Amino acid sequence: MDIKDIIKPENKVYGRTPVLKENVMHYCPGCSHGTVHKLVAEVIEEMGIQDKTIGISPVGCSVFAYNYLDIDWQQAAHGRAPALATATKRLNPDKYVFTYQGDGDLASIGCAEIMHACSRGENIVVIFINNAIYGMTGGQMAPTTLLGMVTATTPYGRDPKLNGFPLKITELIAQLEGTCYVTRQSVQNPASARKAKKAIRKAFENSAMGKGTSFVEIVGTCNSGWKMTPVKANKWMEENMFPFYPLGDMKDR
Amino acid sequence: MALKGAIVVDNERCKGCGVCVANCPTNTIALAQEVNGKGYNYAYMANPDSCTGCTNCATVCPDAVITVYRVKI
Amino acid sequence: MAEKILIKGNEAIAIAAIHCGCDGYFGYPITPQSEVMETLMKEKPWETTGMVVLQAESETSSINMVYGGACCGKKVMTSSSSPGVSLMAEGLSYLAGAELPCLVVNVMRGGPGLGTIQPSQGDYFQATKGGGHGDYRMYVLAPASGQDMYDFVDKAFEVAFKYRIPAMILADGVIGQMMEKVEFRPMKPRRTEEEVKAQCDAWATVGKGAHRGGNTITSLALDPEVQERHNIHLQAKYKEMEENEVLYETYRAEDAEHLIVAFGCMSRICQNTVDEARERGIKMGLIRPITLFPFPKKEIDAFVPQLKTMMSVELNAGQMVEDIRQIANGRVPVYFYGRQGGIIPSPEEVLEAYLKHI
């Protein structure tokens, strides 16, 4: 069978969702952000909620998320996205409101905001990208940086005596009464990406049901910050990140 | 019944990260020797005959540049 | 005859918010303004007008809740006092940069630092010159009575939406805590979803429709050309406000040779100073800037030719006086009298201070 006979509209089984804008993403080749953006966009398309979804972008690499998903966006001050989301959802209960935050934004400077939004049980979705590094500013230590990991501000590796311990914030979030769904996922291969998409969809559905805060952590790579090729970074993540940040649901009710 | 697939890569948007290559179960995809306008070795169907249209490559593509087609034969 | 109720200035702010169709209040307790949120919680407006009231975990969070609500085209507000407003400075800068309308009430207390819980006007610079980073201004109203506290809430929202700019009511502990009779205005209903959409769909995050792409609210522009254009646009807006939005009042100033400039509670005290001076045959008058930004520059300037002296009276170490000296530009001497740390001078004390220069 000739390829030309296969490549026909009626045979299309996977294509770019129209919720993604045409802009080329500014992310480095192989960056997990792109994959997660795509999954969120696909969930928004499949649920038919493009006109009812308000995204809140953080400070960090994903500050420009608003350039890629064709929905209404608010760009928050560093760490404050959950505060914006709280007001947005309370003032617009019929809307789907999600924050998209990296580890520096959520687990360092924005600790208070995320804890209290989750504790109040705001009916929002939190997408938390944990790649254990500050990407945008050039690869400095994040709260989630693993022990021994070399970054621009831990050039000899993260030493707990000097730099403290990596923060498992998702485990803390799972303890909060206000959260209904807390899960840790990844997107480095097809099976994990499909699972992550299901988790994101469940989170959006929860918010419509008013069950409380849904928190989806995605353990991702920052191959530029880690100074590895994208494929090697995925492997390094599986071998080093997953033992400390094990995947799976921590809470689902 | 067999499945026959094909992919179309948006060459100019592809950043040549190679994640699709690593996740293709049938070794259909490779990175081209040529580069696109941005200087990336873009992904392409090196072995078109082996593609089953499984969508794995498109699922993991961070830049959503792969469209997948599939027919039953 | 409309109803007149005896309430604190802080309570007047809360009642006015409900009466003017405010959509949301987000705050954090701090003396001397905690009655604002307490009153709202007691009034339960969510059961009547549908207004959202929420106690946030910090002032940082409450100003960012205001940011989120303002992004949606809603009438949202917060209130705090000096140390809390410092925490909000980042958010205020973002609100100004992203051109969002909102209301922040600052019931000032003495500083710096944790300072005192007693009244002060020490945040004049912070309110009128920035406070947060970058070139921006807020619309700043200085109330001098409980009635002002009530009336300025609606006024602040009106101007905030007209120019898409954060507005501040810069009150002091005296005005916040003092009980006075306040006349209530007719209730304005909250805008419906359709009305909010009609008013703000061009920019707000009200949900993207098929008729437009997604709206983005951001204060970020990496391209310097874009940022400069944006800054010029902001400055043009502030200029327009200086032309159209100045509010002030005068007291026995028509033939004055000596002019006191005072705002907030000090403007009321200084009325007595003027009366006392007039009784002694001194031609004294008072001008009270009601808007601290835009500042009544032209109006004060118009007085200068008839004056022999001016004196700024403030509850701080001398802040507004710098603006007045710029206006006077050496044509008349501009003196200053102020008390700090929460001490309020008497009219006689002010007069005595002024007489030393006359």
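**Notes on the chain contacts and local packing**

1. The contact between chain B and chain A takes 29 residues from chain B and 29 residues from chain A, where two residues are in contact if their C-beta atoms, placed from the backbone, lie within 7 Å. This is a predicted model, in which local features need pLDDT of at least 70 and side-chain atom pairs count only at pLDDT 80 or more, while totals for chains, interfaces and linings use all residues. Residues are numbered from 1 along each chain as its sequence is written, and chains are lettered from A and ligands numbered from 1 in the order in which they are written.

2. On the side of chain B that touches chain A, at least two residues each come from strand S1 (3-9), helix H1 (19-23), helix H2 (56-60) and strand S4 (66-72) of chain B. Helices (H or I, at least four residues) and strands (E, at least two) are DSSP runs, numbered from the N terminus. S4(B) gives the most to this side, with five residues. By class, the side of chain B that touches chain A has 15 nonpolar, nine polar and five charged residues. Here Ala, Val, Leu, Ile, Met, Phe, Trp, Tyr, Cys and Pro count as nonpolar, Asp, Glu, Lys and Arg as charged, and the others, Gly among them, as polar.

3. S4(B) also pairs with strand S1 (residues 12-14) of chain A, in the antiparallel sense and over two bridges; two strands pair if DSSP finds at least two bridges between them. Lys12(A) stands opposite Tyr69(B) in this pairing.

4. Of the two pairs of chains in contact, chains A and C share the most contacts. The contact involves 32 residues of chain C and 28 residues of chain A. Strand S2 (24-27), strand S3 (52-55), helix H3 (59-71), helix H4 (82-97) and strand S9 (216-217) of chain C each supply at least two residues of the side that touches chain A. H3(C) gives the most to that side, with eight residues. The side of chain C that touches chain A is made up of twelve nonpolar, 15 polar and five charged residues. Chain B and chain C do not touch, and their nearest C-alpha atoms are 20 Å apart.

5. Which strands form the open sheet? Eight strands take part, in the order S10(A)-S8(A)-S9(A)-S5(A)-S4(A)-S2(A)-S3(A)-S9(C), with mixed pairing. Strand S10 (248-252) of chain A and S9 of chain C stand at the edges with a single partner strand each, so one side of each has no neighbour in the sheet. S9(C) runs parallel to strand S3 (residues 72-75) of chain A, and two bridges join them. The bridge partner of Trp73(A) is Thr216(C), and that of Gln74(A) is Ile217(C).

6. The axes of helix H3 (residues 81-91) and helix H5 (residues 111-120) of chain A come within 7 Å and cross at roughly 35 degrees. Axes are lines fitted to C-alpha atoms, for helices over the stretch in contact, and angles run from 0 to 180 degrees between N-to-C directions. Pro82(A), Ala83(A), Ala85(A) and Thr86(A) of H3(A) meet Glu113(A), Ile114(A) and Ala117(A) of H5(A). These residues divide into five nonpolar, one polar and one charged.

7. Helix H1 (residues 9-19) of chain C is mostly covered, with ten of its eleven residues buried. A residue is buried if 20 or more other C-beta atoms lie within 10 Å of its own, exposed if 12 or fewer, and partly exposed in between, with C-beta atoms placed from the backbone. Just after H1(C), Gly21(C) takes a positive phi of about 80 degrees.

8. The axes of H1(C) and helix H2 (residues 35-43) of chain C come within 7 Å and cross at roughly 45 degrees. The two helices are therefore oblique to each other; angles under 35 degrees count as roughly parallel, over 145 as roughly antiparallel, 65 to 115 as roughly perpendicular and the rest as oblique. The residues of the contact of H1(C) with H2(C) comprise seven nonpolar, two polar and three charged.

9. Gly139(A) is found in the loop between strand S6 (133-134) and strand S7 (140-141) of chain A. Gly139(A) is partly exposed, with 18 other C-beta atoms within 10 Å. Leaving aside neighbours within four places in sequence, Gly139(A) is in contact with Ile133(A), Tyr134(A), Thr151(A), Ala152(A) and Gly225(A).
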